[in-house]
Amino acid sequence: MYATTLTTPDGPFSILVGPASAATGPASGPAQEAVLAGGWTDDVDSLLALVHPILRPDTGPGQFARPSSPDGVLAEAADAVRAYYDGDHGAPGRVPVLQASGPFRTHAWDVLREVKAGERLTYTEYAARAGRPAAVRAAAGACAMNAAALFVPCHRILRTDGTLGGFRYGLPIKESLLARETGSAK
C-alpha cells in the first residue's frame, strides 16, 4: 500500500493506494492498483481506518511504502488532485477507485462518480439516481461511509432542504469545494 500527502488550498490531502486485486469486489477500472481512500488530513492512519478490512494490507498502521516509480495510480491520483485545484474538476473521477461494501452501497458509490462538478443533488435525488428512491437513508449512509473523498464526490450531495448537511472533513471544506466547482470560489 502506498500513501502520499499533498498541500491544497483546503489543507493537507492524503491518498492511499493499494492493489485492486486484493478485493473480492470489482475495481472501478482495469488498473492493477486503485485509490482506496482520500481526504483532507495528514493523518494517513486515520484514512486506513476508513478502508474496508478486506482491502487493508497485513501491515500495521504507519507502514506505508513509497512507490519505486513515479508512475502508477498514486502519481495519477496526486496529479488528479492538483488538476482539480487547477480547475479540472473532473480529473479525480478519471482515477480508478476501489471500495468494498454491500451491493447497494457499492453501486451508490459508482453513481456518485457520475455526479458532475457543479451539479448538486439532494439525498432524495441521489437515492432515485441509484435506483432506490425510497432508500434515502441508505444513500446518505453511502456518503457517510465513502473513504475516497474527492475521487467519489460525496460533497456534491445536499440535504433535501438544500442545506449542506454533513461532511467528514468539515462544512467549510465542503462549501469551498462546491464554490470552486461553480466558479464562485474566493
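The names of the elements follow DSSP runs, numbered from the N terminus, with helices being H or I runs of at least four residues and strands being E runs of at least two.

This is a predicted model, in which local features need pLDDT of at least 70 and side-chain atom pairs count only at pLDDT 80 or more, while totals for chains, interfaces and linings use all residues. Residues are numbered from 1 along each chain as its sequence is written, and side-chain values use heavy atoms, with hydrogens and water left out.

## How α3 meets α5

Helix α5 covers residues 136-144, and its buried residues are Ala 139, Gly 141, Ala 142 and Cys 143. They pack against α3 (103-112), α4 (123-129) and β5 (157-158).

What is the angle at which α3 and α5 pack? It is about 70 degrees, and the axes of the two helices are 9 Å apart; here the axes are lines fitted to C-alpha atoms, for helices over the stretch in contact, and angles run from 0 to 180 degrees between N-to-C directions. The two helices are therefore roughly perpendicular to each other, a description that applies from 65 to 115 degrees, whereas angles under 35 count as roughly parallel, those over 145 as roughly antiparallel and the rest as oblique. On the α3 side the contact is made by Phe 104, Arg 105, Ala 108, Trp 109 and Leu 112, and on the α5 side by Ala 138, Ala 139, Gly 141, Ala 142 and Cys 143. Sorted by class, the contact of α3 with α5 has eight nonpolar residues, one polar residue and one charged residue, given that Ala, Val, Leu, Ile, Met, Phe, Trp, Tyr, Cys and Pro count as nonpolar, Asp, Glu, Lys and Arg as charged, and the others, Gly among them, as polar.

## The protein as a whole

The protein has six helices and five strands, and along the sequence they follow the pattern β-β-β-α-α-α-β-α-α-β-α. Of its 186 residues, 47% are buried. Among contacts between residues at least 6 apart in sequence, 60% join residues that are at least 24 apart. The accessible surface comes to about 8,800 Å², and 52% of it belongs to carbon and sulfur atoms; such areas come from the Shrake-Rupley method with a 1.4 Å probe, and for residues only the protein chains shown count as cover.

## Salt bridges

Side chains of opposite charge can pair when their charged atoms come close. The structure holds five salt bridges, each being a side-chain nitrogen of Lys or Arg within 4 Å of a carboxyl oxygen of Asp or Glu. One of them joins Asp 79 to Arg 82, with the closest N and O atoms 3.0 Å apart. Because these two residues are three places apart in helix α2 (residues 73-85), they are separated by about one helical turn. Asp 79 is partly exposed at 47% relative accessibility, and Arg 82 is partly exposed as well, at 43%.

Another salt bridge links Arg 94 with Asp 88, where the closest N and O atoms are 2.5 Å apart. Arg 94 is exposed, with a relative accessible area of 53%, whereas Asp 88 is partly exposed at 33%. A further one, at 2.9 Å from N to O, brings together the side chains of Glu 181 and Arg 156. Glu 181 lies in helix α6 (residues 171-182) and Arg 156 in the loop between α5 and β5, so this pair ties together parts that are 25 residues apart in sequence. Both Glu 181 and Arg 156 are buried.

## Other buried positions

Leu 150 is located in the loop between α5 and β5, and its phi is near 75 degrees, a positive value in a residue other than glycine. Leu 150 is buried, with a relative accessible area of 4%.

Thr 41 sits in the loop between β3 (33-39) and α1 (44-48), and at 15% relative accessibility Thr 41 counts as buried. Leaving aside residues up to four places away in sequence, Thr 41 touches Thr 5, Pro 12, Phe 13, Ser 14, Ser 46, Leu 47 and Tyr 169. Ser 176, in helix α6, is buried with a relative accessible area of 17%.

Conventions:
Buried means under 20% relative accessible area, exposed over 50%, partly exposed in between (1.4 Å probe, protein chains only). Contact means heavy atoms within 4.5 Å.
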